[in-house]
Amino acid sequence: MNNFIDKEIKGYKFIKLIGRGAFGNVYQGKKMSTKQIVAIKVIEIERFGENDGILGELVESEQKALQKVKSKYVVGFVDTFQDNIYNYLVMEYCDSGDLEQQIKNPNTHFTEQDAIGILRQILQGLRDIHSVFIIHRDLKLANILIHNHSIYKIADLGFCKILQHENDQSRLQLGSLYTMAPEILNSNSYGLSSDMFSVGVIFYQILFGRFPFTQKDYKLTSQPLINFTRNKIDVSDESKDLLEKMLQFDPKKRITFQQITQHKVFEKQIFSQISRIQIESARVIMEEHAQFYQKEGAKIERENQKDIEITQQRLMSMGKPHLEQQQFNYEQSQNISNFKIEEKVSENSIADIDIKEKTRKTDEMNLKINHFNKQMNDLYFFSNTILEIFQIQMRAHYAAVLLCYQVKKMIYSIKEQLEVQIQVNMNDSDLSLDLTHLQKLLELTEQQQIIIDLQFDDIAEQQIKSGDTRVQQMIQNQLKQDTFNDNLYSEINALIKKQNNQITYILFHMIQCCQYCFALNKQLNPIELDNSIFDLKKSSQIYPDQQNIKAQFEMLQNSQQQY
């Protein structure tokens, strides 16, 4: 294939090669009239007839499907054209790789809530695909592209089934082994539930880092067992229950798209945490899914079954072999559809000045947003500890006042930093998505500020009524950090003695808050706070490594005395 780099064709400049497939390449490009960064898939026309014309069908299917679907969570169609040699498909460019690369990256650290957030986005993208009577049939990690480090978009619609398509000659048995539904693999009828199975495989892979089934499992006549052995992420019983329902080999037993929206896994969590993924996923309204599938689901299934029957009749009348004999080679099929995005690109290969500058700005902003997210999660750790104190009715009211006071200080600091960043970058179109994220963070901060102000005023008033005069300094915002640290340490130490020198999980969380506050005064190295460890069932239980925690806690007082 000719070198397209630096060439301009039909108003599109080719910048660099970003993906390579068996039948063509994908380039990063720029639409010269608008400066929009795009992805351009280039395939040789003479190869459309290969594999009994299947490649040509896949290219046509993908282009028609992309033009039909309008969704934030599906890769957007931009343009298509061809010359005497090549066919060109211009699509939205996703700047953060794909989900397969992200999971394989050792620096990726998902929480269960991140995995659920990605699931929400994929379900939204699928709903938008189904709404135009299309079944994807080849959902897998590599076909989920990522934009702005937080938006997950379904891609590669080459194997999709477009219903109500009068010229359809689909072989019906296309997809990727280990992710396709068993009914497609076994040449049985398929429908919306086939996409549900593939989404279940993706959800499982995010949580456990492997496929749920082996090739032998697909040959079984009964439901194989799902391995829930822990990987990197602590997985709740609710997520395991959902996976069991999504990964049923019998499509009649599989959870439906209407039912999934009511599953407990999508209920609001008691304890808060935040990430770019979760902020983006909060925009997906699950209730709308149930309404859509209740209204349109049966109609889509009817049209799908009608299409299958028509295609089967055509194949028989044309003397075509049975579906099992027409199975398309899996390795070839994956090569056609999946153009793997290269994970690392040399800085020298980015020749376009506009792209270089945008990349620099978005990378810098991504670091800032990650910093803000960390600050917010630290804040949530304190808030979660306060919530835990009251949820288990622990008599630690003065400690709760102290923690509330610290959260108030943290909120005002984060809010001020966010306002500055929004003001400085508000007119930069290259950072529009990042600014939306910053605005959402600011909204969350303001909401949390209202909650913590009310909480602080309430428990502070109760402490004053009980005769505790120590609260006055906090109300007047005159409590120095080292004095605050001493007070918090003393209060936690007294609570430990009340527990017969036993450290429960809730006391462990309070100690971590105390360690964090001492670190703010530059007396200790910063500690990482993990919001995923909160569990009301364990709050009053003894923390297993309490001797080590006691030693760390005692060191705090020694470090305070040295300053």
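**Strands, cores and a binding site**

Guide: Happy to! Let's begin with Lys 31, whose bridge partner in strand S4 is Gln 36. Keep in mind that this is a predicted model.

Visitor: What stands opposite Lys 31 in S3 besides that?

Guide: Tyr 12 stands opposite Lys 31 in S3.

Visitor: How many bridges join S2 to S3, and how do they run?

Guide: Seven bridges join strand S2, residues 12–20, to S3, and the two run antiparallel. On the S4 side, eight bridges join S3 to S4 (residues 36–44), again in an antiparallel arrangement.

Visitor: What do S3 and S4 form?

Guide: They form a hairpin, with four residues between them. Look at Lys 35 in that turn: its phi is positive, about 70 degrees.

Visitor: Is S3 largely enclosed or open?

Guide: Strand S3 covers residues 24–31, and seven of its eight residues are buried, so S3 is largely enclosed by the rest of the structure.

Visitor: Okay, new topic. Which feature does UniProt place at Lys 41?

Guide: The UniProt record, an unreviewed entry, lists a "binding site" at Lys 41. You'll find Lys 41 in strand S4.

Visitor: Buried or exposed, that Lys 41?

Guide: Buried! Lys 41 has a relative accessible area of 5%, and the cut-off for buried is under 20%, so Lys 41 qualifies.

Visitor: And Arg 127, where is its place?

Guide: Arg 127 is in helix H3, which spans residues 112–130. Arg 127 counts as buried too, because its relative accessibility is 15%.

Visitor: Which residues does Arg 127 touch?

Guide: Leaving out residues up to four places away in sequence, Arg 127 touches Glu 288, His 289, Phe 292 and Tyr 293.

Visitor: Let's go to the largest nonpolar core. Which residues touch the most other members?

Guide: Those are Leu 99, Ile 154, Phe 203 and Met 246, in a core of 70 residues. Helix H5 (residues 192–208) gives the largest share of this core, 11 residues.

Visitor: What does Met 246 touch?

Guide: Not counting residues up to four places away in sequence, its contacts include Leu 119, Met 196, Phe 197, Phe 203 and Ile 260. Arg 254 is also one of the residues Met 246 touches.

Visitor: How many residues are in the second, separate core?

Guide: That second core has 67 residues, among them Tyr 380, Ala 399, Ile 511 and Phe 534.

Visitor: Where do nonpolar side chains tend to be in soluble globular proteins?

Guide: In such proteins, nonpolar side chains tend to be buried together.

Methods. Residues numbered from 1 in each chain as written. Predicted model: local features only at pLDDT ≥ 70, side-chain atom pairs only at ≥ 80, totals over all residues. Heavy atoms only, no water. Buried < 20%, exposed > 50% of the residue type's maximum accessible area, 1.4 Å probe, protein only. Contact = heavy atoms within 4.5 Å. Pairing = 2+ DSSP bridges. Core = buried A, V, L, I, M, F, W, Y, C linked by side-chain atoms within 4.5 Å. UniProt positions renumbered as here; feature names shortened; annotations may be inferred.
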